[in-house]
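Subject: Structure handover

Hello,

Please find the structure below. My notes on what was found in it come after.

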4 protein chains.
Amino acid sequence: MTSIGFIGLGVMGLPMATNLVTSGFDVSGYNRSRARIDALVQRGGHAAASIGEAVHAADVVITMLPDSPDVEQVVAGENGVLASSHPGQLLIDMSTIHPDVSRRLADAGAAVDVRVLDAPVSGGEAGAIEGALSIMIGGNAEDVAAAEPVLEAMGRTIVHVGPHGAGQTVKAANQLMVAGHLQLLAEAIVFLRAHGVDLDGALRVLAGGLAGSTVLERKAPAMLASDFTPGFRLTLHHKDLGIVTAAARASGSFIPLGSAVAGLVAALVARGQGDLDHSALVTLVEDLSRPAS
Amino acid sequence: MTSIGFIGLGVMGLPMATNLVTSGFDVSGYNRSRARIDALVQRGGHAAASIGEAVHAADVVITMLPDSPDVEQVVAGENGVLASSHPGQLLIDMSTIHPDVSRRLADAGAAVDVRVLDAPVSGGEAGAIEGALSIMIGGNAEDVAAAEPVLEAMGRTIVHVGPHGAGQTVKAANQLMVAGHLQLLAEAIVFLRAHGVDLDGALRVLAGGLAGSTVLERKAPAMLASDFTPGFRLTLHHKDLGIVTAAARASGSFIPLGSAVAGLVAALVARGQGDLDHSALVTLVEDLSRPAS
Amino acid sequence: MTSIGFIGLGVMGLPMATNLVTSGFDVSGYNRSRARIDALVQRGGHAAASIGEAVHAADVVITMLPDSPDVEQVVAGENGVLASSHPGQLLIDMSTIHPDVSRRLADAGAAVDVRVLDAPVSGGEAGAIEGALSIMIGGNAEDVAAAEPVLEAMGRTIVHVGPHGAGQTVKAANQLMVAGHLQLLAEAIVFLRAHGVDLDGALRVLAGGLAGSTVLERKAPAMLASDFTPGFRLTLHHKDLGIVTAAARASGSFIPLGSAVAGLVAALVARGQGDLDHSALVTLVEDLSRPAS
Amino acid sequence: MTSIGFIGLGVMGLPMATNLVTSGFDVSGYNRSRARIDALVQRGGHAAASIGEAVHAADVVITMLPDSPDVEQVVAGENGVLASSHPGQLLIDMSTIHPDVSRRLADAGAAVDVRVLDAPVSGGEAGAIEGALSIMIGGNAEDVAAAEPVLEAMGRTIVHVGPHGAGQTVKAANQLMVAGHLQLLAEAIVFLRAHGVDLDGALRVLAGGLAGSTVLERKAPAMLASDFTPGFRLTLHHKDLGIVTAAARASGSFIPLGSAVAGLVAALVARGQGDLDHSALVTLVEDLSRPAS
């Protein structure tokens, strides 16, 4: 039985680790706050008292952390993953971070004979719970093949998209498109409401035509109800759009809509709404439009 | 058997009229160029020598024309639909025009006891051929009920969204979202190509996650292949975005992404690409980005 | 002595008419509200009881009105300027309106042998009071020559920029640039304040370099003090930017910054700030930024 | 007589150092390419064979280099300024770099008792030659007082705007405004040309009203003549706008126009126009507009 060390048991990590347990893997989990480890133990996993303990006996190590600096420290820092690793181990970083950091960590892994993949996910908390995530993987083909049985316990669409960092690049494109789709939906809703149109019917017919999207299906109800319980926090989407705009600048890619929506997400965070779900983009559109009568 | 006068047998109108014939309606078609009328006759319809002849014996009149002035002239002009109509007729305008024009025509119809609906469609030439259009209807509920058997021969998602003009408003929102989704897809493709990612895999995984959209499914292959055979011409989308931006301005709706993409579509038309499919938005993004090596 | 009929004695019109009186012209003024006429009489002008009375004995008629429909009605409507005119009269419309309307009115004037100029102004209330307006004129050269002695009483920079409508086109470009300069200044102020920079010193050094502008000189103090007493109301600038964006669309001109700032001005009007001075653009930037600590 | 070590004798640095010589300072210059040092010697300066030699005997060291990494290496690198410095020296960095780097260098200087100022300039090559630069200074007041006699040889508007880094922040705001003013001017020119207006007259009247700006005065002739000899290269402005957008993101400042023009400048660089003057923004507007007939 493959044994897995899982580091980072947050909103996404805990249900992902739970699905690994359910699929029959032997999972040792570590998290900074002990309560999340206990939750995994209740679901059939084991507790690790430190990163080292989670890594020591594992065949595969998975990291699922908030941001680039977190991953750099947990993987390459003192008492981190690489410090406790043994040659031949496979490290799958499923966090959303900057592609350059993923490439650096792959190099650092190679230096101690640890194989590294960047494998960020899309699909949100719901996708994590249902084991229905989309997983985009950067790295070597043989390592991807080795990772697949593990990833299949957590995701439905699993694609090897290129060399180290490529998974993060695709995730960046994903976050660009999702933010844009959310903002366009928000604009459409405010526009339709201003004209006194029946919104339920309108969104139904929009969903059935060329304007249809997964964002429209999943996020329109929250926007109509002004229910912005996360879900996916604006602070995190703001972080991701920072990666997108930096990578686009570096590669000379013209992304005017991506850049504009990054500015709107930043504005929401700046005015204190960062802990709301990203569908709260609609509140900014509402605040800058004539109130519907 | 319900008899239908169908005016406007273009790229959309001919297959729509054909589906009415196939569904058992008695269809008399009129078009400015005789060749399109002949094409309808070959598919089982009748030829009308004038607007008046198409309208005279019809229970239901359908118009499917390029732009607001065309519809105004064909419906309310000399020798137009209303001039040849008889009380109680039902006129379904399926063109995409300005909501204000739809409201004016509804008033003009009411003055001569003709019931008018605005019922623009989404789904493109493919949807017209397959009878799978989305149809968004503005007007009175009893008239919508009367129109439904006819509309069901042409569309799959048929929704009454509000009073006169509401169909056009929803279509405007549709065009806003579609243009935005196309541009975001174009930005994502150029971004991914610049980073050397496997594009087929990347688009597959994007389609499976929260970034999924009908535009991604249907238009990504054309963008990747640089095949911009219309489809839906940029000139028409440009016209539609003129309606969107004017209506948003009038209602005080803040649509920054809609406004930005309207500017990009206008730029493509200005530099002579108006006869290409709207997926050609990707060419502008490519021209303003560093060429992929 | 040249006699002048002056129609429209608002914030701009009254001081302009007053400067004509001061320069020795015989001015008969008309305005919808009687109080403004009385104010002109106190400054040495004559009262006209109607448009017709203002026009009747005048050598030159000047109109200074809020918007295109006002000008169309006052000039070409029933009991309007043209209805009371005599052949050879010179009509100088100094309102800011759509270039197409100016061209229509020039044609309507020509039909009754009235020579028409469009001569909108820049410089605001202060420029009107000081007789220091910039005046941009569209029309025939000989008519411009005839108008110059009159215009010199009101303005300092007086330029014939092209045929009928050209004055309005240049005014549109002026309003595009002014709105953009205001918004850029607002962005710079919020940016500088967020970084704890000494604002007075910073604006002084910016004014001395390539970033210098008339907007920076005249409007920065109001922005720093949050004093948005008009001055030039946002509702009027919003109207003008509607002319700009429509004319740019019609001519196929790519104006991404103009279009973006038009959206921001519209947002301010939509949320009820239309009666503030246009320097209130800074409030929107502040509301979408992190509060300076 | 104050002795000055001047490092970086490029388009800006050489005329600045020359003005110091002319004002009576004893200037030792260093540059990577020997030809620039020779040019300074011809103008009355001394040649330094290394950074160390330039620094060794100097009372004041000035650096004028292209980008943040250059300054970091020259100042804090091996055999750099600080390595050759003696306690009490004054280092004035007049390069345009990221404010965070300026703050780091000030700390590094303090550790070896070297007083550091960030003092970037505005005014371009012309301002450098004429000794008419605007200079914005961040640092301690007593150090600014000590630097003033030196700075007055190079600039006309010299302002202490705040603590370490503040000079760079103001320079960033300057570059935001200048890029925006250039783009707005480009939009206005293309708009006016499309409408057949007399451009010389139009720009004269715009300059006289609220739309006036230093950019309009200095850059309109180049735009009209399509003469894009630098001047200030787009690659450098692109670098500066990277500083602006990063600093705005970090401080939560909403800069939608700044962000949009940064994207346009990046597009020009991406398509290979980076070595043109920044007034070449007008070429992009032209390429995305209908050609004037």
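Strand β6 of chain C, residues 115-118, is covered on both faces. Arg115(C) and Leu117(C) are buried on one side, and Val116(C) and Asp118(C) are buried on the other. In a regular strand the side chains alternate between the two faces of the sheet. Please keep in mind throughout that this is a predicted model.

The partner of β6(C) is strand β5 of chain C, residues 90-93; the two run parallel and are joined by 4 bridges. Within this pairing, Leu90(C) stands opposite Arg115(C) of β6(C).

Strand β8 (residues 133-138), helix α8 (residues 141-151) and strand β9 of chain B make a right-handed β-α-β unit. β8(B) and β9(B) pair in the parallel sense, over 6 bridges. One of the pairs is Gly138(B), whose bridge partner in β9(B) is Gly162(B). How many of the 8 residues of β9(B) are buried? The count is 7, so this strand, residues 155-162, is largely enclosed by the rest of the structure.

Next, a helix in chain A. The buried residues of α4(A), which spans residues 68-76, are Ser68(A), Val71(A), Val74(A) and Val75(A). Seen down the axis of α4(A), these fall within an arc of 140°, so they line one face of the helix. The elements of chain A that cover them include the strands β1 (3-7), β4 (60-63) and β5 (90-93). The helices α3 (51-56), α5 (81-84) and α6 (99-111) of chain A are also among the covering elements.

Now to how the chains are arranged. Two copies of a chain are related by a rotation about an axis and a shift along it. Chain A can be laid on chain B by a turn of 180° with a shift of 0.0 Å along the axis, and the RMSD is 0.0 Å. That is the relation of a two-fold axis. The C-alpha of chain A nearest this axis belongs to Ser213(A), at 1.9 Å. Both copies use the same surface, as 100% of the contact residues of chain A recur in chain B.

In the contact between these two chains, 61 residues of chain A meet 61 residues of chain B. On the side of chain A that touches chain B, the elements that each supply at least two residues are the strands β8 (133-138) and β9 (155-162), and the helices α9 (166-194), α10 (199-208), α11 (214-225), α12 (234-251) and α13 (256-270). Which of them gives the largest share? It is α9(A), with 18 residues. By class, this side of chain A has 31 nonpolar, 25 polar and 5 charged residues.

Chains D and A are also related by a turn of 180° with a shift of 0.0 Å along the axis, here with an RMSD of 0.1 Å. Of the interface residues of chain D, 100% are also interface residues in chain A, so the copies meet through the same surface. In this interface, 10 residues of chain D are in contact with 10 residues of chain A. On the side of chain D that touches chain A, two or more residues come from each of α12 (234-251) and α13 (256-270) of chain D. The largest share, 6 residues, is that of α13(D). This side of chain D has 5 nonpolar, 4 polar and 1 charged residues.

- Chain B: the peptide bond from Pro230(B) to Gly231(B) is cis, with omega near 5°. Gly231(B) lies in the loop between α11 (214-225) and α12 (234-251) of chain B.
- Chain C: Pro230(C) and Gly231(C) are joined by a cis peptide bond with omega about 0°. The loop between α11 and α12 of chain C holds Gly231(C).
- Chain A: Ser226(A) is not a glycine, yet has a positive phi of about 50°. Ser226(A) sits in the loop between α11 and α12 of chain A. With 11 C-beta neighbours inside 10 Å, Ser226(A) counts as exposed.
- Chain D: Ser226(D), also not a glycine, has a positive phi of about 50°. Its place is in the loop between α11 and α12 of chain D. Ser226(D) is exposed, with 11 other C-beta atoms within 10 Å.

Regards

How values were computed
Residues are numbered from 1 along each chain as its sequence is written. Chains are lettered from A and ligands numbered from 1 in the order in which they are written. This is a predicted model: local features need pLDDT of at least 70, side-chain atom pairs count only at pLDDT 80 or more; totals for chains, interfaces and linings use all residues. Copies are superposed by least squares on the C-alpha atoms of residues with pLDDT of at least 70 in both. Two residues are in contact if their C-beta atoms, placed from the backbone, lie within 7 Å. Ala, Val, Leu, Ile, Met, Phe, Trp, Tyr, Cys and Pro count as nonpolar, Asp, Glu, Lys and Arg as charged, and the others, Gly among them, as polar. A residue is buried if 20 or more other C-beta atoms lie within 10 Å of its own, exposed if 12 or fewer, and partly exposed in between; C-beta atoms are placed from the backbone. The arc is that of the directions from the helix axis to the C-beta atoms. Two strands pair if DSSP finds at least two bridges between them. A crossover is right-handed if, with the strands pointing away from the viewer, the path from the first strand over the helix to the second runs clockwise.
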